[in-house]
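Open your viewer and get your selection tool ready. We will go from one site to the next, and at each stop you will hear what to select and what is there.

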Amino acid sequence: MSNSNIAKLKKEMAPYEKNDTRASVKQVINTLVPLVILWYSAYLSISVSYWLTIPFLIATAGFLVRTFIIFHDCCHQSFFKNKKANEIVGTITGILTLVPYQQWKNSHNTHHATSSNLDKRGTGDMWLLTVDEYKDASIGTKIGYRIYRNPIVMLGIGPLAVFAFQYRFNTKKARRKERINLYVTNFSIVALYAILSLLVGWQTFVMLQLPMLLISGMMGIWLFYVQHQFEDSYFEHSDEWSYVQAAVEGSSYYKLPKVLQWITGNIGFHHVHHLSPRVPNYNLEKAHESSQPLQKATTITIATSFKSLRYRLWDENAKKFVTFGEAKRIIKLENDLVKN
């Protein structure tokens, strides 16, 4: 992409980077109020039948994902004009979604600055190996990587490991503000959960909160995974890496049904978000529709997105994701060429 096209694309995004306080407040209301109502409805239904409770838990999980999108926008300072308002709402929604605001903001900003850069992996992204790296890796690393990339582990154990444990501890490089924010978040979560347990009984609370958190966690990890792990994605080393190409070619447009698009706060327009993180979620679709280049981004649907579960390694030569089986054939072919 030429410098003139890059400049033009960035200019096209400028009008959509302006947030609307009224729209933001409206989204807080139409997200948190249904979240509370659905949670309480799930509590009332459990005395009738747990089968009746399950649909309420799934719906509540959906609104928890929407709550996370508000948290996510606050981390990018795109939800409100006022920095303090973003911090307050971000911390509150972070408590509800079990994510410390300052810690996640820092790691996620690193993710945006290094997304699709093969030389700067490791912060705010998923573990990714290239075919050559996997070939040269130790047996222990290969086993660990296979376990990590297993869909059952990634979507089943992953949410528990990340939201319940990883986000409960400060990183080694955490500064004072980040550390204090995590302590406040952890204390608030414990206090909130203790109060709810006293009100409804700890057994009932666990039966409600645990599956709801697991479902929302699975949804969140899936969205993050599928929007960067598609066959012809974009990965380059630093000397050839481009921020704009990483955004437009390394992030997909996840075309969801309108209801799911609303629940997930338009995050399916991930290519737009990576190009311009300051665009609030309620402007992402408008930004996408206003730009011809953005409409050419890789489009995936629910049906086609499941193919991504097969992708395991990045093939630097073919510039695409491959399965373990395909990687094995590539490595064998390379070894045969060396022998000959």
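Select Tyr254, Lys255, Leu256, Gln261, Thr264, Gly268 and Phe269, which line the second largest cavity. This is a predicted model, in which local features need pLDDT of at least 70 and side-chain atom pairs count only at pLDDT 80 or more, while totals for chains, interfaces and linings use all residues. Residues are numbered from 1 along each chain as its sequence is written, and side-chain values use heavy atoms, with hydrogens and water left out.

On a 1 Å grid over the protein atoms alone, a cavity is a set of points where a 1.4 Å probe fits but cannot get out, and lining residues have an atom within 4 Å of a point. The space here is about 30 Å³, where a volume is what is filled by probe spheres set on the points, with grid points joined across faces, edges and corners. Colour the lining by class and you get three nonpolar, three polar and one charged. In this scheme Ala, Val, Leu, Ile, Met, Phe, Trp, Tyr, Cys and Pro count as nonpolar, Asp, Glu, Lys and Arg as charged, and the others, Gly among them, as polar.

**Stop two: the largest cavity**

The structure holds two cavities of 30 Å³ or more, and the largest has a volume of about 150 Å³. Select Asp125, Met126, His228, Gln229 and Phe235, the closest to its centre of the 13 residues that line it. The lining of the largest cavity has four nonpolar, seven polar and two charged residues.

Next comes the second largest pocket, with a volume of about 360 Å³. Pick Val36, Trp39, Leu96, Leu192 and Leu196, the closest to its centre among 16 lining residues. A pocket is an open set of points with protein on both sides within 12 Å along at least five of seven lines. The lining of this pocket divides into 15 nonpolar, one polar and no charged residues. Which element gives the largest share of that lining? Helix 2 does, with six residues; helices are DSSP runs (H or I, at least four residues) numbered from the N terminus.

**Stop four: two helices crossing**

Show helix 2 and helix 10, whose axes come within 10 Å and cross at roughly 130°. Select Trp39, Ala42 and Tyr43 of helix 2 with Thr204, Phe205, Leu208, Gln209 and Met212 of helix 10, which make the contact (heavy atoms within 4.5 Å). The axes are lines fitted to C-alpha atoms over the stretch in contact, and angles run from 0 to 180 degrees between N-to-C directions.
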